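User: I am new to this structure and would like to go through it step by step. Please keep the answers plain.

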Amino acid sequence: MEKKIEEAKVKIRVYKQKENAIVQIEDNAKGISEKIKDKIFEPYFTTKEEGKGTGIGLYMTKTIIENNMGGKISMKNCNDGACFIISVPISNV
């Protein structure tokens with residue numbers, strides 16, 4: 001919403017890859033700056049203005065997926081936006 005993307009879209013794809021369940025979430029909001037993309041999973045990191053974000057959402061997501069579910073989460077810029085990929089062993093689903 002902040003970037004005011006016309007015809008904003010979010011694509012969610014779920015599939016099996018070997019012994020993992022994969023959830024791929026992709027948007028068309030121009031991606032994440034190369035300057036900050038290595039920091040987005042750090043605790044308290046936010047791109048929002050003061051008082052608008054806590055910076056714990058992606059950190060908590062990563063913690064739950066990796067520590068509680070034995071999975072992985074990653075992010076890359078693709079097409080016209082950001083793409084988050086979550087991989088969880090099917091035995092843990």
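User: In which strand does Ser87 lie?
Analyst: This is a predicted model, where local features need pLDDT of at least 70, side-chain atom pairs count only at pLDDT 80 or more, and totals for chains, interfaces and linings use all residues. Residues are numbered from 1 along each chain as its sequence is written, and side-chain values use heavy atoms, leaving out hydrogens and water. Helices (H or I, at least four residues) and strands (E, at least two) are DSSP runs numbered from the N terminus. By that numbering, Ser87 belongs to strand E4.

User: Is Ser87 buried or exposed?
Analyst: Buried means under 20% relative accessible area, exposed over 50%, and partly exposed in between (1.4 Å probe, protein chains only). Ser87 has a relative accessible area of 19%. With that value, Ser87 counts as buried.

User: What pattern does the chain follow along the sequence?
Analyst: The secondary structure comes to one helix and four strands. Read along the sequence, these elements give the pattern β-β-α-β-β.

User: In which order do the four strands form the open sheet?
Analyst: Two strands pair if DSSP finds at least two bridges between them. In this sheet the pairing is antiparallel, and the order is E1-E2-E4-E3.

User: Which strands stand at the edges?
Analyst: An edge strand here has a single partner strand, so one side of it is left without a neighbour in the sheet. That applies to strand E1 (10-17) and E3.

User: How many bridges join E3 to E4?
Analyst: E3 and E4 run antiparallel. One of the bridge pairs is Cys78 with Gly81, the latter in E4. The number of bridges joining E3 to E4 is seven.

User: What angle does the direction of helix H1 make with that of E3?
Analyst: Helix H1 (residues 57-68) packs on the sheet and touches E3 and E4. Axes are lines fitted to C-alpha atoms, for helices over the stretch in contact, and angles run from 0 to 180 degrees between N-to-C directions. For H1 and E3 the angle is about 130°.

User: How far apart in space are Gly55 and Phe45, C-alpha to C-alpha?
Analyst: Gly55 is found in the loop between strand E2 (20-27) and H1. Leaving aside neighbours within four places in sequence, its contacts (heavy atoms within 4.5 Å) are Glu42, Pro43, Tyr44, Phe45 and Thr46. Gly55 and Phe45 are ten residues apart in sequence, while their C-alpha distance is 4.5 Å.
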